[in-house]
Amino acid sequence: MSPHEDKPRPDGAEKPDEKREKNAEEKKLRDLSRRSFIKGAGIASVAASAGALLADRVLEAAPRPQSGGMAGGVVGPGEVPITLKINGQIRKLNLEPRVMLLDALRNHLDLTGAKKVCDRATCGACTVHLDGRAVYSCTTLAIDAQGHDITTIEGIEPAEGLHPMSQAFWNNDAQQCGFCTPGFVMACAAYVEHEPNPTYEGLQKSLGGNLCRCGTYMGIREAVLEAAKTMKTKGGRA
Amino acid sequence: MADYHWPPANRRALIGKREKRIDGPVKSSGRAKYSYDINRPGMLWGKMATSPYAHAKVTRIDTSAAEAMPGVKGVVTIVPEGQEVLWAGQEIVAIAADSEERAEAAADAIKIDYEPLPYLVTDADPEHAGAEHSKQLEARVTGNPDQGFQQAEVISEGDYGLPVITHCCLETHGQVTEWNGDDLTVWSTTQNVSGMAGEYVDGLKQQGITVAANNVHVISHYMGGGFGSKFAADTWGIACAQLSKKTGRPVKMMLERDHELMVAGARPSMHAHVKVGAKRDGTLVAWDSESWGTGGPGDAGAPRFPYIFEVPNVRARHTAILTNIGPARAWRAPNHPQMALISNGAMEDLAAKLNMDPVDFMSKNMNLVTAPDRAKTYQEEFAKASELMDWKSKWHPRGKSGAGPLKRGLGVSLHTWGGRGNLSNCLVTIHPDGSVETSLGSQDLGTGTRTVIAIVTAETLGLPLEAVKVNIGENKYPPAGASGGSTTVSGVSTSTRRAATEALNSLLAKVAPSLGATPDQLEAWSGKIQVKGNAAKSISWKQACAKMGASSITGTGKTSNDLMSSGVGGVQMSEVEVDTETGIVKIIKHVSVQDCGLVIDVRTAESQVYGAAIMGITYALFEEKIMDQVTGRCLNPNMEFYKLASIADIGEIIPHMMTGPGYDERGTIGLGEPPVISPGAAISNAVANAIGVRVPELPLTPDRVLAALGTLEKGGVA
């Protein structure tokens, strides 16, 4: 399954969550605004690419809200303890609940591979993996990312050498200023994990949720096809 | 002694080949640290309160509530009470707090009262702009235009134009500033590393802070796009340094995306009514244009019409509309994309009226191209582009695109640019252990500057690319020009060539006795110092460097006029498919043929051409900074509605660099600007060819395409 399809997320109906039931009203409000925001952003970005389908342009929506560890379901506005699992490590932080995952990574953990560009789920420069799926960390609250496996570009790169996707970006000069590159690498890596046999046509539809200003798309197309081959022979991630 | 002139093709190991960019791994792994990524101990975040009005007097500023908010550490007033702001988004107060969220909330809590004043933010109606918003920049007459039009047997008249667009750098403008006693360090996202200290000296002086230029340390190892918009310290740079001074702490202040799109970059608009006449055989005889456009509060300079072709009889008038949209900034090839769209659009329309293939029409008028040898370049490029596009078999007369709603068409455009190197200084150091460092106060905007410097150094010293360490992006290195106007590649490659040659000659002098030769009999080649023509008589690079003793050898060089030239030509052809039911334009194929003299690295040069084509497709189809005269504000300061092309929008792009005899001898010439000039014109012309009518204004959005089709159905002129 492509990580970029707007497939239904696991929901409360499938996996009842007692705490969330208790805070049904709050959840509804939060979910509504979050969903409608992301849906709105998705529709807007579709307009940028006339002819593209809605589903092709929307990355996985933010994870379902988690209220683990928050007494009473109301937190903030002051700092609260937040535990994130990032690149396999448990990181404990004290953050205001309004802090986005992207800002938690960049401002509090100095993990600056993910970039802040559009700051509203359009350009994909902030792409990280949440449970293996590409998400926009600029519109994912850090507090909501608790309980998920968060992987940043720092987490996919080996100590020596490069992840096959990063290597393929280099080989195909799929970068100029490089500011969109880490987000693109993360989106492409997740895409190839889910679509081991990408085609030219397929990758164009699935990678429309990341934008580049310098104009490196020609190289990115080639990089994805090349990396798909290397990742297959290496049995997935390096 | 080694000769500093560029080596002939058969003695080039690296120049003109396809090397991978040397900073590729650090960028594609996310390890490259941009200014936006700099986190300093104790650092504060700065945010700004900006004007919601396009023109107003600031009557009252109240920061008391904001300053009382948690975590707020300092405030700086940029526009004091009683002064005017001239565009929406103009910065009034900067505030620093101990977290980004707190700084943002505090900026929102600053209360500012205004007295709104009259403004103009649109250039759609120049006649109603009024005298205070109009400035005639040119009224030029060449030959006798009236007589020229009398001689013309076919005359085409039309409207052409393109709106204000923004640079939309992915890394927004901004910086981190930090004082240490009298020293100021600035991590700036800039195209102007060596010139930035002066910006801070001047800007801070106006705020009563004295700092010596040699105490301002500028760092920009990686920068996330500039495109002509990042030369100055800007209001926010000075305010950030003031906040740092005031709070005694480092401050990071990067623009928010909406602010970036409102104020930090705008390419001036240009619109024109054009009349152009030719003899029946296609010989151009007369041109008349009335053009106007806005570059914000200042004028953006007059265009030179017609573009490329020096038509014998010309009347050209241009008026700048002075508006409250924020200042224009240089945008890749200032004024050229505008001139190309308007002029080459008018030429294509005339060719259609003459029933001529536009390539034949332009070729017919090559005698009007006055730059020496340029016509020859264009003719060779027309031939190459036609071959790559398969122009002859695909081209059809305007509107003859067959039945059915999907119409295909071809368009062509040509362009020129200068691209002479800027003044740069280079220091090459050869160390006793054989390692080599090349240092310049230049910067890599993503164009491949680092890679070019490494290639030239390695080529000159006969070493592999990996043997060279390139130091750029700090003003502690020898001063180098700002990266604007396609001036960098010649600035850095010629100064590096001279510096590396000088260093090599010092080394050859030390090595010569051990090879029983004189220095001028030696050369550096393939990791060895050898006697020319006798590779058997050689020592390895490492052995040679060991003879230096304990001290390193250095060589210095400046930009060298005899290694570079100016003036290039390019031809582009575009194939589009237009859905006449929806108005959607799809790029099928775009061919970009470009000369830039001696190409140092073909791979990154082609990436420039690819990127320019994509940027061109983007402004041809999507980009427009939409200003609302009712509110005075920009309606789309975000990336959902300020649209950039995605990976699915670009079709197939074919770059071709003109190289080899006739091109290489010219030495290096800049490449950043030229290939971005023609896409708008080529695509607009292709759409006209496909649907049988000109869509006057870019971007070629579905509504505009359908409106143009509507005029055709009502009997519009094809």
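A nonpolar core is taken here as a set of buried Ala, Val, Leu, Ile, Met, Phe, Trp, Tyr and Cys residues joined through C-beta atoms within 7 Å. A residue counts as buried if 20 or more other C-beta atoms, placed from the backbone, lie within 10 Å of its own. The model is predicted: local features need pLDDT of at least 70 and side-chain atom pairs pLDDT 80 or more, while totals for chains, interfaces and linings use all residues. Residues are numbered from 1 along each chain as its sequence is written, and chains are lettered from A and ligands numbered from 1 in the order in which they are written.

The largest nonpolar core has 288 residues. A:A142, A:C188, B:I95 and B:V687 have the most contacts inside it. Helix α15 (residues 602-621) of chain B gives the largest share, eleven residues. Helices (H or I, at least four residues) and strands (E, at least two) are DSSP runs, numbered from the N terminus.

B:I95 lies in β5(B), opposite B:V75. Beyond four places in sequence, its contacts (C-beta atoms within 7 Å) include B:G46, B:A66, B:V75 and B:I110. β5 (residues 91-97) pairs with β3(B) in the antiparallel sense over five bridges; pairing requires at least two DSSP bridges.

Both strands belong to an open, mixed sheet of seven, ordered β3-β5-β1-β12-β9-β10-β11 in chain B. Its edges are β3 (72-77) and β11 (216-219). Helix α5 (residues 196-205) of chain B packs on this sheet, touching β10 (183-188) and β11. Its direction makes about 135° with that of β11(B). Angles run from 0 to 180 degrees between N-to-C directions of axes fitted to C-alpha atoms, for helices over the stretch in contact. Helix α6 (residues 234-247) of chain B runs at about 35° to β9(B).

How values were computed: Contact = placed C-beta atoms within 7 Å. Buried ≥ 20, exposed ≤ 12 C-beta atoms within 10 Å, placed from the backbone.
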